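Here is a short tour of one protein chain, written to be read with the coordinates open beside it.

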Amino acid sequence: MTLCAVTTGFFTLGKCGTTAVAGCPSCGRALCAGHVTEGGLCPECAAANNRFGHPAAVDAYRRRAYRHRTAGVYQDAVWYTGFDSYDRAAFDPGAAASQDYLDDGDDALVDS
């Protein structure tokens, strides 16, 4: 069973994880029925092509614009590529994450 690989969230990113029903013709990303935009594109490819008819495409555009804008503020065009594998591992659902990345439940003192 293939799961939807669309990025969700803004500050805390994750993957949708719903059962996929299609693939994006542009990038090949697995898509669930709720994330297929016009033309069958994934939200990220739709946002890159300025197609904002789907709410997830608008979210993808805003994430992309935020990263672009903050990279300029920090005067570092590659700000987000400067993170090492430890920093990126929390956002990679396929990696064997260490204990500090695991969800500690809704009743936790600190929740990202």
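Buried residues account for 22% of the 112 residues in this chain, and the model is a predicted one. The accessible surface of the chain amounts to about 7700 Å², and carbon and sulfur atoms hold 54% of that area. Four strands and three helices make up the secondary structure. Reading from the N terminus, the order is β-β-β-β-α-α-α. If you look at contacts between residues at least 6 apart in sequence, 20% of them join residues at least 24 apart.

**The nonpolar core**

Which residues form the largest nonpolar core? There are 10 in all: Cys4, Val6, Cys24, Leu31, Cys32, Leu41, Cys42, Cys45, Ala46 and Ala57.

One member to select is Ala57, which is in contact with Pro43, Ala46, Ala47, Arg51 and Phe52 once its neighbours within four places in sequence are left aside. Thr37 also touches Pro43 and Ala46, along with Cys42 and His54, not counting residues up to four places away in sequence. Thr37 sits in the loop between β4 (30–31) and α1 (43–48). Is Thr37 buried or exposed? Its relative accessibility is 6%, so Thr37 counts as buried.

**Cysteines without disulfides**

A disulfide is a covalent bond between the sulfur atoms of two cysteines. How many disulfides does the structure hold? The count is zero. For Cys4, the nearest cysteine sulfur belongs to Cys32 and is 3.8 Å away. Cys27 is in no disulfide either, its nearest cysteine sulfur being that of Cys42 at 3.7 Å. Cys27 has 40% relative accessibility, so this residue counts as partly exposed.

**A salt-bridge network**

Side chains of opposite charge can pair when their charged atoms come close. The model contains two salt bridges, and Arg29, Glu44 and Arg63 are linked by them in a network.

| Salt bridge | N to O distance |
|---|---|
| Glu44 and Arg29 | 2.7 Å |
| Glu44 and Arg63 | 3.4 Å |

In the bridge between Glu44 and Arg29, Glu44 belongs to helix α1 while Arg29 lies in the loop between β3 (22–23) and β4, so the pair ties together parts that are 15 residues apart in sequence. Arg29 is partly exposed because its relative accessibility is 26%. Glu44 counts as buried, because its relative accessibility is 15%. Glu44 also pairs with Arg63, linking helix α1 to helix α2 (residues 55–73) across 19 residues of sequence. Arg63 is buried too, because its relative accessible area is 7%.

Which residues make the nonpolar surface patch of about 330 Å²? They are Phe10, Phe11 and Tyr66. Phe10 comes from the loop between β1 (7–8) and β2 (14–15), whereas Tyr66 is found in helix α2. How far apart in space are Tyr66 and Phe10, C-alpha to C-alpha? The distance is 9.5 Å, although 56 residues separate them in sequence. Phe10 has 36% relative accessibility, so this residue counts as partly exposed. Tyr66 counts as partly exposed as well, because its relative accessibility is 30%.

**A backbone detail**

Most residues other than glycine have a negative phi. Where does Asn50 lie? Its place is in the loop between α1 and α2. Asn50 has a positive phi of about 60° although it is not a glycine. With a relative accessibility of 57%, Asn50 is therefore classed as exposed.

Methods
Residues are numbered from 1 along each chain as its sequence is written. This is a predicted model: local features need pLDDT of at least 70, side-chain atom pairs count only at pLDDT 80 or more; totals for chains, interfaces and linings use all residues. Side-chain values use heavy atoms; hydrogens and water are left out. Patches are made of residues with over 30% relative accessible area and no salt bridge: like charges are joined within 9 Å, nonpolar side chains (Val, Leu, Ile, Met, Phe, Trp, Tyr) within 5 Å. Accessible areas come from the Shrake-Rupley method with a 1.4 Å probe; for residues, only the protein chains shown count as cover. A salt bridge is a side-chain nitrogen of Lys or Arg within 4 Å of a carboxyl oxygen of Asp or Glu. Helices (H or I, at least four residues) and strands (E, at least two) are DSSP runs, numbered from the N terminus. Buried means under 20% relative accessible area, exposed over 50%, partly exposed in between (1.4 Å probe, protein chains only). Contact means heavy atoms within 4.5 Å. A nonpolar core is a set of buried Ala, Val, Leu, Ile, Met, Phe, Trp, Tyr and Cys residues joined through side-chain atoms within 4.5 Å. A disulfide is a pair of cysteine sulfur atoms within 2.5 Å.
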